[in-house]
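Visitor: I would like to learn how to read charged side chains in a protein model. Could you take me through it slowly?

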Amino acid sequence: MTQPTAPHIFAADQRSRWLSNPPGIWSLQDADLDAIPTMSILTTLWDQPRWLEAYHLYDEHGSELFEDICDLPEYYLTRTENSILEANAKNIVAAAPVKCIVELGAGYSKKTIHLLSEQTRQRGQSVFAPIDVSVAGLLASQSAVQKDFPQLEFHGIHARYEDGICAIEKSLPTLFVFLGSTIGNFNHTEFPRFFRALSAAMGPDDYLLLGADRIKPVKLLEDAYNDSRGITAEFILNVFRNINGLLGANFDLKQMRYQSWFNPEWQQIEMYAVATASQEIRFPNAGAAFEWRQNEKILVEISRKFDANRLQQQLRFIGLTPVEHFTDANQWFSVLLFRKEG
Ligand code: AVI
(Lines give C-alpha, C1' and ligand atoms only; values in the text may rest on other atoms or scores of the structure.)
Protein backbone atom coordinates (compact mmCIF):
# COMPACT_ATOMS: atom_id res chain seq x y z
CA MET A 1 0.00 0.00 0.00
CA THR A 2 1.38 3.47 -0.87
CA GLN A 3 1.78 5.98 1.95
CA PRO A 4 -0.72 8.87 1.79
CA THR A 5 0.97 12.29 1.49
CA ALA A 6 0.80 14.38 4.67
CA PRO A 7 -2.08 16.86 4.44
CA HIS A 8 -2.01 20.64 4.03
CA ILE A 9 -2.00 21.26 7.80
CA PHE A 10 1.70 20.35 7.70
CA ALA A 11 4.17 22.97 6.41
CA ALA A 12 5.33 22.09 2.87
CA ASP A 13 8.92 21.40 3.94
CA GLN A 14 7.68 19.05 6.70
CA ARG A 15 5.27 16.84 4.74
CA SER A 16 7.76 14.20 3.67
CA ARG A 17 8.82 13.63 7.32
CA TRP A 18 5.39 12.41 8.53
CA LEU A 19 4.05 8.88 8.09
CA SER A 20 0.44 7.83 8.58
CA ASN A 21 0.16 4.70 10.71
CA PRO A 22 -2.48 3.78 11.81
CA PRO A 23 -4.63 5.72 9.31
CA GLY A 24 -5.24 9.31 10.37
CA ILE A 25 -2.41 9.29 12.95
CA TRP A 26 0.82 10.94 11.79
CA SER A 27 4.23 10.14 13.30
CA LEU A 28 7.65 11.65 12.60
CA GLN A 29 9.71 9.19 10.56
CA ASP A 30 12.98 9.96 12.32
CA ALA A 31 11.76 10.52 15.90
CA ASP A 32 13.10 8.16 18.54
CA LEU A 33 10.54 8.82 21.28
CA ASP A 34 11.88 5.90 23.34
CA ALA A 35 15.44 7.16 23.76
CA ILE A 36 14.37 10.44 25.34
CA PRO A 37 12.65 9.12 28.55
CA THR A 38 15.77 7.24 29.66
CA MET A 39 17.99 10.27 29.26
CA SER A 40 15.45 12.51 31.00
CA ILE A 41 14.91 10.16 33.97
CA LEU A 42 18.59 9.57 34.66
CA THR A 43 19.69 13.20 34.39
CA THR A 44 16.95 14.62 36.63
CA LEU A 45 17.33 11.84 39.24
CA TRP A 46 21.01 12.71 39.54
CA ASP A 47 20.13 16.41 40.02
CA GLN A 48 19.94 18.10 43.43
CA PRO A 49 17.19 17.95 44.59
CA ARG A 50 16.21 14.85 42.62
CA TRP A 51 13.18 15.41 40.37
CA LEU A 52 11.31 14.01 37.37
CA GLU A 53 9.71 15.48 34.26
CA ALA A 54 5.92 15.25 34.53
CA TYR A 55 5.31 13.36 31.27
CA HIS A 56 6.66 10.11 32.79
CA LEU A 57 3.48 9.98 34.88
CA TYR A 58 1.39 9.10 31.84
CA ASP A 59 1.96 5.44 31.07
CA GLU A 60 -1.25 3.49 30.44
CA HIS A 61 -2.06 3.04 34.15
CA GLY A 62 -1.04 6.63 34.95
CA SER A 63 -3.38 7.96 32.25
CA GLU A 64 -6.25 5.91 33.71
CA LEU A 65 -5.49 7.19 37.21
CA PHE A 66 -5.45 10.75 35.91
CA GLU A 67 -8.91 10.21 34.39
CA ASP A 68 -10.06 9.07 37.88
CA ILE A 69 -8.49 12.20 39.44
CA CYS A 70 -10.53 14.38 37.09
CA ASP A 71 -13.74 12.93 38.60
CA LEU A 72 -12.70 13.40 42.25
CA PRO A 73 -14.84 15.80 44.31
CA GLU A 74 -11.70 17.61 45.57
CA TYR A 75 -10.25 18.05 42.06
CA TYR A 76 -12.25 21.10 40.93
CA LEU A 77 -10.06 21.88 37.89
CA THR A 78 -11.63 19.66 35.21
CA ARG A 79 -15.26 20.37 35.94
CA THR A 80 -14.64 24.10 36.41
CA GLU A 81 -12.78 24.44 33.13
CA ASN A 82 -15.41 22.30 31.41
CA SER A 83 -18.19 24.58 32.67
CA ILE A 84 -16.32 27.66 31.38
CA LEU A 85 -15.89 26.07 27.95
CA GLU A 86 -19.49 24.90 27.81
CA ALA A 87 -20.79 28.38 28.69
CA ASN A 88 -18.45 30.28 26.37
CA ALA A 89 -17.70 28.04 23.38
CA LYS A 90 -19.89 30.15 21.12
CA ASN A 91 -18.01 33.38 21.96
CA ILE A 92 -14.60 31.72 21.85
CA VAL A 93 -15.17 30.31 18.37
CA ALA A 94 -16.68 33.59 17.16
CA ALA A 95 -13.62 35.50 18.42
CA ALA A 96 -11.12 33.15 16.71
CA PRO A 97 -12.03 32.88 13.00
CA VAL A 98 -10.01 29.80 12.03
CA LYS A 99 -10.46 26.66 9.91
CA CYS A 100 -8.20 24.45 11.99
CA ILE A 101 -8.06 23.56 15.70
CA VAL A 102 -4.83 22.04 17.02
CA GLU A 103 -5.06 20.66 20.55
CA LEU A 104 -1.92 20.10 22.59
CA GLY A 105 -2.12 16.94 24.70
CA ALA A 106 -5.46 15.69 23.44
CA GLY A 107 -6.10 12.86 25.86
CA TYR A 108 -9.69 11.99 25.12
CA SER A 109 -10.61 15.54 23.91
CA LYS A 110 -13.65 15.54 26.23
CA LYS A 111 -13.67 19.27 27.01
CA THR A 112 -12.73 20.21 23.45
CA ILE A 113 -16.04 18.75 22.24
CA HIS A 114 -17.73 22.05 23.16
CA LEU A 115 -15.35 23.94 20.86
CA LEU A 116 -15.60 21.40 18.04
CA SER A 117 -19.35 21.47 18.07
CA GLU A 118 -19.39 25.30 17.87
CA GLN A 119 -16.66 25.28 15.23
CA THR A 120 -18.68 23.01 12.93
CA ARG A 121 -21.88 24.96 13.64
CA GLN A 122 -20.27 28.34 12.83
CA ARG A 123 -17.79 27.34 10.11
CA GLY A 124 -18.79 23.94 8.71
CA GLN A 125 -15.94 21.85 7.27
CA SER A 126 -12.84 22.25 9.48
CA VAL A 127 -9.74 20.40 10.59
CA PHE A 128 -9.07 19.01 14.07
CA ALA A 129 -5.50 17.96 14.83
CA PRO A 130 -4.63 16.86 18.36
CA ILE A 131 -0.93 16.45 19.25
CA ASP A 132 -0.10 13.76 21.81
CA VAL A 133 2.70 11.35 22.69
CA SER A 134 0.10 8.64 23.33
CA VAL A 135 -1.26 6.80 20.29
CA ALA A 136 -4.01 5.33 22.53
CA GLY A 137 -5.20 8.85 23.43
CA LEU A 138 -5.17 9.91 19.77
CA LEU A 139 -7.15 6.84 18.71
CA ALA A 140 -9.75 7.46 21.44
CA SER A 141 -10.06 11.07 20.28
CA GLN A 142 -10.27 9.96 16.63
CA SER A 143 -13.14 7.56 17.23
CA ALA A 144 -15.11 10.09 19.32
CA VAL A 145 -14.62 12.92 16.83
CA GLN A 146 -15.29 10.92 13.67
CA LYS A 147 -18.52 9.55 15.10
CA ASP A 148 -19.92 12.87 16.34
CA PHE A 149 -18.46 15.32 13.80
CA PRO A 150 -18.39 13.95 10.25
CA GLN A 151 -17.64 17.52 8.96
CA LEU A 152 -14.27 17.47 10.76
CA GLU A 153 -11.13 16.26 9.01
CA PHE A 154 -9.15 14.47 11.76
CA HIS A 155 -5.34 14.33 11.81
CA GLY A 156 -3.82 12.98 15.03
CA ILE A 157 -0.19 14.05 15.44
CA HIS A 158 1.85 11.53 17.40
CA ALA A 159 4.71 13.69 18.66
CA ARG A 160 6.10 15.77 21.48
CA TYR A 161 4.56 19.27 21.58
CA GLU A 162 7.73 20.96 20.25
CA ASP A 163 7.89 18.69 17.18
CA GLY A 164 4.14 18.85 16.54
CA ILE A 165 3.69 22.62 16.71
CA CYS A 166 6.71 23.32 14.47
CA ALA A 167 5.22 21.13 11.75
CA ILE A 168 1.93 23.05 11.38
CA GLU A 169 1.55 25.21 8.25
CA LYS A 170 1.85 28.86 9.33
CA SER A 171 -0.45 30.27 6.64
CA LEU A 172 -3.40 28.11 7.76
CA PRO A 173 -5.45 30.11 10.33
CA THR A 174 -5.29 27.92 13.41
CA LEU A 175 -6.55 27.96 16.98
CA PHE A 176 -4.04 26.23 19.28
CA VAL A 177 -5.81 24.84 22.36
CA PHE A 178 -3.89 24.00 25.53
CA LEU A 179 -6.30 23.11 28.34
CA GLY A 180 -6.34 21.59 31.81
CA SER A 181 -3.71 23.96 33.25
CA THR A 182 -1.04 21.63 31.92
CA ILE A 183 1.18 24.73 31.71
CA GLY A 184 1.22 24.49 35.52
CA ASN A 185 3.30 21.33 35.23
CA PHE A 186 6.11 23.18 33.42
CA ASN A 187 8.89 24.47 35.66
CA HIS A 188 10.37 27.97 35.38
CA THR A 189 12.79 26.88 32.65
CA GLU A 190 10.35 24.80 30.61
CA PHE A 191 7.58 27.44 30.77
CA PRO A 192 9.27 30.32 28.85
CA ARG A 193 10.99 27.86 26.50
CA PHE A 194 7.64 26.29 25.59
CA PHE A 195 5.83 29.60 25.00
CA ARG A 196 8.67 31.07 22.95
CA ALA A 197 8.61 27.96 20.72
CA LEU A 198 4.82 28.08 20.43
CA SER A 199 4.72 31.78 19.59
CA ALA A 200 7.48 31.33 16.98
CA ALA A 201 5.55 28.45 15.39
CA MET A 202 2.31 30.45 15.17
CA GLY A 203 1.31 32.28 12.00
CA PRO A 204 -0.18 35.81 11.79
CA ASP A 205 -3.82 34.59 11.81
CA ASP A 206 -3.38 32.15 14.68
CA TYR A 207 -4.89 32.13 18.19
CA LEU A 208 -4.12 30.38 21.45
CA LEU A 209 -6.71 29.23 23.99
CA LEU A 210 -5.08 28.50 27.32
CA GLY A 211 -6.55 26.96 30.49
CA ALA A 212 -4.86 28.10 33.71
CA ASP A 213 -5.63 27.25 37.33
CA ARG A 214 -5.65 30.29 39.59
CA ILE A 215 -4.26 31.09 43.02
CA LYS A 216 -6.91 30.45 45.65
CA PRO A 217 -7.19 29.55 49.38
CA VAL A 218 -4.47 27.07 50.30
CA LYS A 219 -6.88 24.49 51.78
CA LEU A 220 -8.75 24.15 48.46
CA LEU A 221 -5.48 23.76 46.58
CA GLU A 222 -3.94 21.26 48.97
CA ASP A 223 -7.10 19.11 49.13
CA ALA A 224 -7.19 18.91 45.32
CA TYR A 225 -3.75 17.22 45.38
CA ASN A 226 -4.25 15.10 48.52
CA ASP A 227 -7.63 13.49 47.98
CA SER A 228 -9.33 11.34 50.61
CA ARG A 229 -9.35 8.23 48.37
CA GLY A 230 -5.57 8.36 47.83
CA ILE A 231 -5.86 8.34 44.02
CA THR A 232 -3.40 11.26 43.64
CA ALA A 233 -0.88 9.40 45.81
CA GLU A 234 -1.28 6.30 43.63
CA PHE A 235 -0.91 8.41 40.46
CA ILE A 236 2.31 10.05 41.68
CA LEU A 237 3.94 6.87 43.00
CA ASN A 238 2.96 4.92 39.86
CA VAL A 239 5.70 6.84 38.05
CA PHE A 240 8.24 4.58 39.78
CA ARG A 241 6.50 1.47 38.47
CA ASN A 242 6.76 3.00 35.01
CA ILE A 243 10.47 3.78 35.52
CA ASN A 244 11.13 0.22 36.72
CA GLY A 245 9.55 -1.06 33.50
CA LEU A 246 11.38 1.38 31.24
CA LEU A 247 14.83 1.15 32.77
CA GLY A 248 14.84 -2.16 34.69
CA ALA A 249 15.19 -0.19 37.97
CA ASN A 250 14.23 -1.51 41.43
CA PHE A 251 12.13 1.24 43.05
CA ASP A 252 10.03 -0.40 45.77
CA LEU A 253 6.64 1.31 46.10
CA LYS A 254 6.27 -0.13 49.63
CA GLN A 255 9.36 1.80 50.74
CA MET A 256 8.11 5.26 49.83
CA ARG A 257 5.19 7.56 50.66
CA TYR A 258 3.47 10.48 48.97
CA GLN A 259 3.65 14.00 50.38
CA SER A 260 2.40 17.26 48.88
CA TRP A 261 1.95 20.90 49.89
CA PHE A 262 1.49 24.39 48.51
CA ASN A 263 4.72 26.39 48.33
CA PRO A 264 3.50 30.00 48.76
CA GLU A 265 6.70 31.63 47.51
CA TRP A 266 6.69 29.69 44.22
CA GLN A 267 2.89 29.54 44.14
CA GLN A 268 2.88 25.89 43.28
CA ILE A 269 1.72 22.57 44.64
CA GLU A 270 4.74 20.30 45.04
CA MET A 271 4.25 16.53 44.90
CA TYR A 272 6.98 14.35 46.37
CA ALA A 273 7.88 10.71 46.90
CA VAL A 274 9.67 10.31 50.25
CA ALA A 275 11.86 7.28 51.01
CA THR A 276 10.65 5.56 54.19
CA ALA A 277 13.94 3.60 54.44
CA SER A 278 17.40 4.01 52.88
CA GLN A 279 17.71 1.94 49.71
CA GLU A 280 20.05 1.46 46.80
CA ILE A 281 18.30 2.25 43.51
CA ARG A 282 19.92 0.40 40.62
CA PHE A 283 19.63 1.00 36.88
CA PRO A 284 21.26 -2.14 35.43
CA ASN A 285 20.55 -1.13 31.81
CA ALA A 286 22.54 2.09 32.33
CA GLY A 287 25.18 0.63 34.70
CA ALA A 288 24.27 3.25 37.35
CA ALA A 289 22.99 3.35 40.96
CA PHE A 290 22.33 5.84 43.75
CA GLU A 291 21.59 5.73 47.46
CA TRP A 292 18.07 7.02 48.19
CA ARG A 293 18.40 7.95 51.82
CA GLN A 294 15.59 7.68 54.38
CA ASN A 295 13.38 10.83 54.31
CA GLU A 296 15.02 12.10 51.12
CA LYS A 297 12.41 13.47 48.71
CA ILE A 298 12.09 13.17 44.95
CA LEU A 299 10.04 15.99 43.41
CA VAL A 300 7.78 14.08 41.01
CA GLU A 301 5.52 16.92 39.87
CA ILE A 302 4.74 20.58 40.41
CA SER A 303 1.44 22.25 39.64
CA ARG A 304 1.82 26.02 39.40
CA LYS A 305 -1.10 28.33 40.11
CA PHE A 306 -1.49 31.61 38.24
CA ASP A 307 -2.55 35.22 38.53
CA ALA A 308 -4.49 35.57 35.26
CA ASN A 309 -3.55 39.23 34.63
CA ARG A 310 0.11 38.58 35.24
CA LEU A 311 0.04 35.57 32.94
CA GLN A 312 -1.55 37.68 30.19
CA GLN A 313 1.16 40.33 30.62
CA GLN A 314 3.89 37.68 30.57
CA LEU A 315 2.66 36.17 27.30
CA ARG A 316 2.32 39.64 25.75
CA PHE A 317 6.13 39.87 26.00
CA ILE A 318 6.34 36.66 23.92
CA GLY A 319 4.19 38.09 21.11
CA LEU A 320 0.78 36.83 22.24
CA THR A 321 -1.86 39.56 22.64
CA PRO A 322 -4.68 38.91 25.13
CA VAL A 323 -8.09 38.91 23.41
CA GLU A 324 -10.54 37.65 26.03
CA HIS A 325 -10.62 36.25 29.55
CA PHE A 326 -13.28 33.69 30.50
CA THR A 327 -13.73 32.54 34.08
CA ASP A 328 -16.23 30.88 36.46
CA ALA A 329 -18.40 32.43 39.20
CA ASN A 330 -15.78 31.61 41.90
CA GLN A 331 -12.92 32.85 39.71
CA TRP A 332 -11.09 29.58 40.39
CA PHE A 333 -9.98 28.92 36.84
CA SER A 334 -9.25 31.02 33.73
CA VAL A 335 -9.59 30.24 30.05
CA LEU A 336 -7.58 32.88 28.17
CA LEU A 337 -7.71 33.67 24.48
CA PHE A 338 -4.64 35.22 22.80
CA ARG A 339 -3.92 36.34 19.23
CA LYS A 340 -0.51 36.08 17.67
CA GLU A 341 0.87 39.54 16.95
CA GLY A 342 1.11 39.85 13.17
C1 AVI B 1 -2.29 17.49 34.13
N2 AVI B 1 -2.13 18.44 35.23
C3 AVI B 1 -2.66 19.75 34.86
C4 AVI B 1 -2.59 17.97 36.54
C5 AVI B 1 -2.46 19.11 37.59
O6 AVI B 1 -3.48 19.44 38.20
O7 AVI B 1 -1.37 19.65 37.73
C8 AVI B 1 -1.80 16.75 36.98
C9 AVI B 1 -2.14 16.26 38.37
N10 AVI B 1 -1.27 15.83 39.24
C11 AVI B 1 -1.88 15.46 40.33
N12 AVI B 1 -3.17 15.71 40.21
C13 AVI B 1 -3.37 16.17 38.95
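Guide: Let's start with exposure: a residue is buried under 20% relative accessible area, exposed over 50%, and partly exposed in between (1.4 Å probe, protein chains only). Please keep in mind that this is a predicted model, where local features need pLDDT of at least 70 and side-chain atom pairs count only at pLDDT 80 or more, while totals for chains, interfaces and linings use all residues. Residues are numbered from 1 along each chain as its sequence is written, and side-chain values use heavy atoms, leaving out hydrogens and water.

Visitor: Is Lys 147 buried or exposed?

Guide: Lys 147 is exposed, with a relative accessible area of 66%. Its salt-bridge partner is Asp 148, at 3.6 Å from N to O, and Asp 148 is partly exposed at 43%.

Visitor: What is a salt bridge?

Guide: Side chains of opposite charge can pair when their charged atoms come close. Here the term means a side-chain nitrogen of Lys or Arg within 4 Å of a carboxyl oxygen of Asp or Glu.

Visitor: How many salt bridges does the structure hold?

Guide: There are 12 salt bridges. One of them joins Arg 293 to Glu 296, with the closest N and O atoms 3.7 Å apart. Arg 293 is partly exposed at 48%, whereas Glu 296 is buried at 11%. Arg 50 also belongs here: a network of salt bridges links Arg 50, Arg 293 and Glu 296.

Visitor: Where do Glu 118 and Arg 121 lie?

Guide: First the general idea: an α-helix has 3.6 residues a turn, so residues three or four places apart point the same way. Helices (H or I, at least four residues) are DSSP runs, numbered from the N terminus. Both Glu 118 and Arg 121 sit in helix α4 (residues 113-123), 3 residues apart, about one turn of the helix. Their side chains form a salt bridge of 3.1 Å, N to O.

Visitor: Which of the residues in α4 are buried?

Guide: The buried ones are His 114, Leu 115, Leu 116, Glu 118, Gln 119 and Thr 120.

Visitor: What comes just after α4?

Guide: Just after α4 you will find Gly 124, which takes a positive phi of about 70°.

Methods
Helix = DSSP H or I, 4+ residues; strand = E, 2+ residues; numbered from the N terminus.
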